[in-house]
Amino acid sequence: MFRLIASLSDKIIFTVTCLLGMQIPAFINAYKQRLAGHLDEAHLQLQSFQSIADKHHHGDISQLLVAYRNSGDPGVHASAELVLNLIDRIAWLTSHLNNLTQGDYLQQVYYFLTGMDSAIARATLHDFQLALPLQPSALATGLILALLSTFVFSQTLGKLTPQS
């Protein structure tokens, strides 16, 4: 009876981890789409400031920032910091998105795990819908995780099983 339960548990663990592993590429893709949306929105916000620079500072946004900083109004001065933060965010989002789209699949997974933005990842997870992706990367990830978890389970179970 113990062997039957162990065998069924082994199959269940294999199936569940395979299906969960297949979600990794789908989640990374959803994360990349959310990043692209953040990048588009940041560009849209910066375009408003660029329009002001085009009208009043010959298109040079750095001159606009100098004018904001030289203003005696603290609110206008704070706007310069907002624009600088926005420019930095665009640079970071662009770099992050490029790193996630370049290289092979393993490099993308590694970069995702080591460089992800936790707030964007949480928001992605909140809206994430489980899927059954059939791309080779999803199938390979699922299979590798399933084999690894089955191996760990069988090794652990072997140590717990009474020897006759």
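**Exercise 1.** Work out how the radius of gyration of the chain stands against that of a compact globule of 164 residues.

*Solution.* Start with the rule: the radius is taken over C-alpha atoms, and the globule value is 2.2 Å times the number of residues to the power 0.38. Then look at the box along the principal axes, which the C-alpha atoms fill at roughly 85 × 30 × 25 Å.

A note before going on: residues are numbered from 1 along each chain as its sequence is written, and side-chain values use heavy atoms, without hydrogens and water. In this predicted model, local features need pLDDT of at least 70 and side-chain atom pairs 80 or more, while totals for chains, interfaces and linings use all residues.

**Exercise 2.** Find which helix has the lowest mean pLDDT and which the highest among the elements of the chain.

*Solution.* First list the elements (DSSP runs numbered from the N terminus: helices are H or I, at least four residues; strands are E, at least two). You will get six helices and zero strands. Next, compare confidence (pLDDT, from 0 to 100 for each residue). Helix 6 (residues 136–160) comes lowest at 81, and helix 5 (residues 118–127) highest at 95. For the chain, the mean is 87, with 93% of residues at 70 or more.

**Exercise 3.** Determine what share of the residues is buried.

*Solution.* Apply the cut-off (buried is under 20% relative accessible area, exposed over 50%, partly exposed in between; 1.4 Å probe, protein chains only). Of the 164 residues, 29% count as buried.

Key:
pLDDT is the predictor's confidence in each residue, from 0 to 100.
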